[in-house]
Amino acid sequence: MASIGSSSSPPFIIEKKGESRRVFSFSTFRPIKNRSVGFLNGSTCGVSLFSDKRQLWRFKPMIVAASADGVGGGGDDSEDTLQATIEKSKKVLAMQRDLLQQIAERRKLVSSIKSSITDQDENEIFHEQKDISFPNVDPPSSSSDRMDEDKNGNILSSSRVNSIVKDVPEVLSSDEVGEEPKKHLPSEKTSSNIGPTKQLKTTNSEAPKSDVLPSYLSGSSDTAQVKVEDNENLTEAGLEEVNGAVDTPAVEDEKPPPPAGANAMNVILVAAECAPWCKTGGLGDVAGSLPKALARRGHRVMVVVPRYAEYAETQETGVRKRYKVAGQDMEVTYFQAYIDGVDFVFIESPIFRHLQSNIYGGNRQDILKRMVLFCKAAVEVPWHVPCGGVCYGDGNLVFIANDWHTALLPVYLKAYYRDNGLMSFTRSVLIIHNIAHQGRGPVEDFYNVDLPEHYLDLFRLYDPVGGEHFNIFAAGLKTADRIVTVSHGYAWEVKTSEGGWGLHNIINESDWKLRGIVNGIDTKDWSPQYDVHLKSDGYTNYSLETLQTGKAQCKAALQKELGLPVREDVPLIGFIGRLDHQKGVDLIAEAMPWMMDQDVQLVMLGTGRPDLEEMLRHFESQHRDKVRGWVGFSVKTAHRITAGADILLMPSRFEPCGLNQLYAMSYGTIPVVHAVGGLRDTVQPFNPFEESGLGWTFDSADASKLIHALGNCLLTFREYKNSWEGLQRRGMMQDLSWDNAAQKYEEVLLAAKYQW
Ligand SMILES: Nc1ncnc2c1ncn2[C@@H]1O[C@H](COP(=O)(O)OP(=O)(O)O[C@H]2O[C@H](CO)[C@@H](O)[C@H](O)[C@H]2O)[C@@H](O)[C@H]1O
């Protein structure tokens, strides 16, 4: 055994162990056998070459086998050999210095590219996307033009697109690093915004791949040995760099792989409304948040929605298409935005314009025409609209249509494309948010939807109420590959004659493809801790820890804002929702005399049926000291009521899922609900003996039942403070996020994908 340097330097000991010797490289321990690679020549040169122990400690030993005729293998001490070794080593060191410099340069460049991309505001990014979009890309016939095809004409599915991104070399050459990121690749954005197809890997913390490194740093079998004589020229920082680059695995930017893994799909959700741009109710919330949760799972996700007004965040793509609607040629253009990992595509046409505050306005024919145009255009979005520079394509693609407004999409997908051998790998899922609205009309309406005659039977329906009629939801339900309702309870209800509104037979026949999935909530928008609407006017954000003080402050702020007496001890009851038969507003009206005999305050926010709006105003004028009836649509007020109220009343006659009770529970507001559909699924009744449950439920749409449940709730509020706090805390501690629901949606999407 011979030592290099002092005997107290264990890592530098060359240990003769059979045919093996311990020598030094930048690599970690890696036995390399039967190779003649060692160049350090035992003890004699070792002492002279290693002069700085601090630096030497950075080299990690490696066992190599030294053959008898190798430089280091024969024990030859001749002057010539030593000189040759030194010369060789000098060269190696020079190369190494070079490499260090290159690495430093690359890091600088990569981090400057990274930061410039991160700093880019959305507009700049959209601008770039606009620049690279290919206007008027033709449908599949002109395949060579298509953005979503590779050079061989293969349509790029999401996995293909992802693999393109992955295929970007992990270590770019200096020249490559100096260039702008390639135009056809999506730009990297801040981490919260990185979607699967947008992720351009950068290199600053990645270990360079051995195949792009000189062999002497690669750790490959030809690992050269460090020339130690001149190593004083290698500064500590330099070594740090090298060690960092070579030995340290990239951890900084690494995230666990997205949960969807190999099941990642292209998903396009198509809806008539989408929060925050256009929303009249829960559908808008779902369209705005489910896609983000799917994107977090690793899917490439798009939302397609009409453009009812100018939305600041969106950029025109330059793509224009024409579609026939009821014999009339209509042009659409596409706008887009990329937010929280999701591509939002807005379809612009004169027939959608100026409807922002009246999305479903106009007569039946007007609405029908809008939905025909919207669905016709939406189904071709994956061909025409490049998102992040690359169209989605129609492979590995599932559309999610929502309610009757977009129930034509599954039908068009089948009639125009799949029946004609196009979009063969595209599937559709139809979500039932509310089956009470179906797109009914006279049978003649069929001639406005532009389909071959033999499709009429899909739409034709007879029921005792409507007689023989044209029914869009019926056709969508029959044609979609999978159906989802927004709760388990509702999945059961829609199969009954009471809950199916005439479609129960079709749904029963489709039972094999039906599933109930309870909605989630967008925990970014609807969280008492971060709610942007609680940052002013005396409101405050609060959490489980600050529940008592924070919620009390919000209650006082709400009372003040509404002009009600500011009292902590009075229970403040809220109602938020569309004013129609579904929401059971008339039950509240019936219970009003009893309620007004109690020491309570009531605030009701809603729009809808004019008679019910008038009723709200009437309540307020009769009980100005206790009641506020806010007729209008105000997201801010909805958030503030949810935070400031003690109790949320939801006496809905039917409720497919209901989001307000979910929002309420996450804000420590106790729901009192009619146990139907999603309300029954999500509000477990309070059990005072076990101190369990989340609120109060009543089992029929009856004012006396409502009064009974609300009476118990008020009693608990007044007399059993600990139980009340327990209810609040249990509600707030639930995981109501979309992530759970998204996982279940993924199962449905997969089932659709593999269905033939
Ligand atoms: N005047 C007003 N001002 C401000 N905001 C208002 C408002 N009126 C209602 N909202 C908001 O609109 C949403 C309503 O959601 P819901 O789920 O309660 O009802 P909706 O019946 O519209 O949805 C349907 O679809 C959803 C989604 O699937 C199902 O949960 C539901 O059961 C089904 O009826 C909530 O975000 C609420 O705050």
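Which domains does the lining of the second largest pocket draw at least three residues from?

1. Domain 2 (266-516) and domain 3 (532-736) are the ones: each gives at least three residues to the lining of the second largest pocket. Keep in mind that this is a predicted model.

2. As for volume, the second largest pocket holds about 880 Å³ of space. Its lining counts 42 residues, and the closest to the pocket centre are Thr280, Gly281, Gly282, Leu283 and Arg578.

3. Helix 9 gives the most, with four residues.

4. Three strands make up an open sheet in the order 10-12-11, and the pairing is antiparallel. Strand 10 (440-441) and strand 11 (460-463) are the edge strands, each pairing on one side only.

5. Strand 11 and strand 12 (residues 467-471) run antiparallel and are joined by four bridges. To find your place there, go to Leu461, which stands opposite His469 in strand 12.

6. Finally, have a look at helix 13 (residues 472-479). Helix 13 lies across strand 11 and strand 12, and runs at about 65° to strand 12.

Notes:
Residues are numbered from 1 along each chain as its sequence is written. This is a predicted model: local features need pLDDT of at least 70, side-chain atom pairs count only at pLDDT 80 or more; totals for chains, interfaces and linings use all residues. Side-chain values use heavy atoms; hydrogens and water are left out. Two strands pair if DSSP finds at least two bridges between them. Helices (H or I, at least four residues) and strands (E, at least two) are DSSP runs, numbered from the N terminus. Contact means heavy atoms within 4.5 Å. Axes are lines fitted to C-alpha atoms, for helices over the stretch in contact, and angles run from 0 to 180 degrees between N-to-C directions. On a 1 Å grid over the protein atoms alone, a cavity is a set of points where a 1.4 Å probe fits but cannot get out, and a pocket is an open set with protein on both sides within 12 Å along at least five of seven lines; lining residues have an atom within 4 Å of a point. Grid points are joined across faces, edges and corners, and a volume is the space filled by probe spheres set on the points. Domain bounds come from an automatic or database domain assignment.
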